[in-house]
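Hi,

Here is the structure I promised to pass on. Have a look at it first, and my notes on what turned up follow below.

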Amino acid sequence: MAIPRTFRRNFDTLKRAARDGHLALLECTCAVTGERRYVICAVGHDEKGFVFTPFGHLHEGNPFESYVPPAS
């Protein structure tokens, strides 16, 4: 299964932000469930101030129970 190009580009952006020290972990509220989430964001800025681009959230519980790796 090939990873879509847009996801690869986003991952490259995330790696660049990590390399440059431009990552943040923000406490947010899930727009769907209202639950608290801890969101990994790249930090940029524009003329108004900081811009936080969310990439994903940290998993509650045991992530090994929630994901199945691809078959070889």
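F50 is exposed, with a relative accessible area of 65%; exposed means over 50%, buried under 20%, and partly exposed anything in between, using a 1.4 Å probe and protein chains only. F50 sits in strand β3, where strands are DSSP runs of E with at least two residues, helices are runs of H or I with at least four, and both are numbered from the N terminus. Leaving out residues up to four places away in sequence, F50 touches V43, G44 and H45, a contact being heavy atoms within 4.5 Å.

A word on where this comes from: it's a predicted model, in which local features need pLDDT of at least 70 and side-chain atom pairs count only at pLDDT 80 or more, while totals for chains, interfaces and linings use all residues. Residues are numbered from 1 along each chain as its sequence is written, and side-chain values use heavy atoms, with hydrogens and water left out.

Now the strands. β3 (residues 49-57) runs antiparallel to β2 (residues 36-46), and eight bridges join them; strands pair if DSSP finds at least two bridges between them. One of the bridge partners is T53 in β3, which goes with A42.

On to β1 (residues 23-29), which is antiparallel to β2 and joined to it by seven bridges. Here L26 stands opposite V39 in β2. β1 and β2 also form a hairpin, with six residues between them, and G34 in that turn has a positive phi of about 80°.

As for the whole protein, it has one helix and three strands, in the order α-β-β-β along the sequence. The radius of gyration is 15 Å, well over the 11 Å that the globule rule gives for 72 residues, so the protein is more spread out than a compact globule. That radius is taken over C-alpha atoms, and the rule is 2.2 Å times the number of residues to the power 0.38. The C-alpha trace spans about 45 × 30 × 20 Å along its principal axes.

Finally, the surface: the protein exposes about 6500 Å², with carbon and sulfur atoms supplying 58% of it (Shrake-Rupley method, 1.4 Å probe).

Cheers
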